[in-house]
Amino acid sequence: MIRRQSAVAILAIAGAFVAARAVAQQPNPDPRVGLRAGWWNAGQAAWNMRLVSTSPPPKEFIPDSAGDFGYMNSDIAFQGHYVIQGSFRGFQVWDVSNPAHPVRTTLNICPDMQSDVSVFGHLLFVSGESVDGRIDCGTQGVQAPASPDRFRGIRIYDISDITHPRSVAAVQTCRGSHTHTVVTDSRDTGAVYIYVSGQAPPRPAQELAGCVGAPPDQDTSSALYRLDVIRVPRAAPERAQIVNRPRIFEGLMKVTAHGMAPVDSAQATKTVDSLKAAGAFAVIMEDQAFVLPAQGFVTPLLDSVVRARGGSGAPTAADSAALRNAVQGIVDRMMKGPATNRGPDQCHDVTVYPALGIGAGACAEYGLLLDIKDAAHPTRIAAASDSNFSYWHSATFNNDGTKVLFTDEWGGGVGPKCRKTDRPQWGADALFTIANGALTFAGYYKLPAPQTDKENCVAHNGNLIPVPGRDIMVQGWYQGGVSVFDWTDAAHPAEIAFFDRGPMDSTKLEIAGSWSAYWYNGLIYSSEIGRGLDVLELQPSPLLSQNEIDAAKLVRLESQNVQDQQRIVWPASLVVSRAYVDQLERSHGLSAARLQAVRGALSAAEGKTGAARSSALNALALQLDKDAATSSDAAKVKTLATQLRDLARH
């Protein structure tokens, strides 16, 4: 126990050192501040990374003006040398064989919100949650309150020929699919499972049988407070169906969460009042003022008002005024569900780590730790809440599953939440350690550069960069850009690289920025909401060496869905050894003279073959065992020695 505590203390000291070094290294003044605004010609700033290419969206996905919700790019998935990019307009596929010049190979028009995408073998899964999404992907929408043409759920495509996706199934769910997660089960290799996170209000039973909007204590078949689990037979995806609806939220109660910043509350109220006075149907939603669309929303509500008073024909001015005054309450009830002391009734996103049998649910008011060993029957292990969080959005485990990071999407991604006046604990990442099935808070990470009030900015989607010996993450922050940070010491996370653009518009807030920024096979791919697809590359620096970057590039995946987290395994390589040596130099874990000797020994071993090479590596490992006894970073020295012995066996 004493040794374990000492190792933890050493890691904490090393982590604090890295954080302090990162702060000292950051450019001052920060070049992200004061960037020129523009849609296609915005100013750019980068530190320790470079922009390889930007591929604009196709004309079919470009709105008349920037920031149109109907055309937003969303999440991305990877297969081979393809990037599959979702959009509120459908999805597209990029061939990134040459990352400097991606080529669009596929364009699938299918308007829906938000077209979250995942891939598994020859199957592509796409989420749908729109009020007017159609089964046939038609662009005309759906007008009727209940219609057999409406689609909400998971679309399944056969992408055996990725240039010509073929629709093979559409699994309807009561609340649609805002996001979804692909889950594998080693005991059921003939199928793949999908966890569906639906946030829309339950559909009427007239549209989809079995959908119930009452809470579970009133009707046990309620579509609320549950996770839909779909089983997809790999050889017969057309037989995909819901096989379980676990209530992983059972027993969770409402918790205190922060609301709007005072400046936002005052401005939103003023804007809504002005819009209503002009005749619009406006509400405050996700901290922002919104004008509600007539198609699929206002029109059916007005028809309901007419019917409620026993009238017929077109709505009157009095009907419109009544709805205008009542619509905020209607939207609030839709967003929050029935008045109750219960906690969350859905997750926004679930990340699974099948190799470890665990999952993490980011579920509105809570972050959940899940047992997913039986993929069809996930259960809750632990739950954490945080009054500094507004909306638990997504999660990422570190590689050994001893930590998990949750994001707070304060403002729903459409608000400027990275201003100088915004608290650093709000709209940030919360970092937790995991031990004995419990979550323990460790610290926060928030984008360190202030953004303007014309830039939507908050913590969003990212993943691990596979640098051995460190927990490093790349993350999209909408118009805050792309941030890379080290959270090896969860109490002292520190930024080590970034890329950012100026606002879309200098006069008003337009929706844009990095929805997702993911590392995949050596590069970072960022789904830019309004500007297309960015490809970025890390550059070496005192905070991240070339050896560390090269070691990360050794990890190659055949496909990647970030929410289906894969265990990172590094091949036996001297590059990995040199990455560890660089880390020991950074942490002062060995003296300069000893580091020079270790590097010399590695170079000498590299020039040998067969038994001579193995002997040299084992000899160096033995010397490092002795070094560990006096090192201030003993754990890293031992890791290096173990890696060298593994390398000697290959």
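I began with the aromatic cluster: ring pairs join Phe389, Trp392, Phe406, Phe432, Phe441 and Tyr444. Rings of Phe, Tyr and Trp (its six-membered ring) pair if their centres lie within 6.5 Å; planes under 30 degrees apart count as stacked, over 60 as edge-to-face and the rest as tilted.

I noted that this is a predicted model, where local features need pLDDT of at least 70, side-chain atom pairs count only at pLDDT 80 or more, and totals for chains, interfaces and linings use all residues. Residues are numbered from 1 along each chain as its sequence is written, and side-chain values use heavy atoms, with hydrogens and water left out.

I looked up the count of aromatic pairs, and by this rule it is 18. I then took Trp47 and Phe498: their ring centres are 5.6 Å apart and their planes are at 40°, so I wrote the pair down as tilted. Trp47 belongs to strand E1 (residues 44-47) and Phe498 to strand E28 (residues 494-501), so this pair ties together parts 451 residues apart in sequence. Strands here are DSSP runs of E with at least two residues, numbered from the N terminus.

I checked burial next (buried means under 20% relative accessible area, with a 1.4 Å probe and protein chains only). Trp47 counts as buried at 11% relative accessibility, and Phe498 counts as buried at 0%.

I turned to Phe91 and Tyr157, whose ring centres are 5.3 Å apart with planes at 75°, so the pair is edge-to-face. Both residues, Phe91 and Tyr157, are buried.

Last, I looked for charges over rings (NZ of Lys or CZ of Arg within 6 Å of the ring centre and within 35 degrees of the ring normal). Lys403 sits over the face of Trp487, 5.4 Å from the ring centre. Lys417 sits over the face of Trp410, at 4.6 Å.

Definitions and conventions. Helices (H or I, at least four residues) and strands (E, at least two) are DSSP runs, numbered from the N terminus. Buried means under 20% relative accessible area, exposed over 50%, partly exposed in between (1.4 Å probe, protein chains only).
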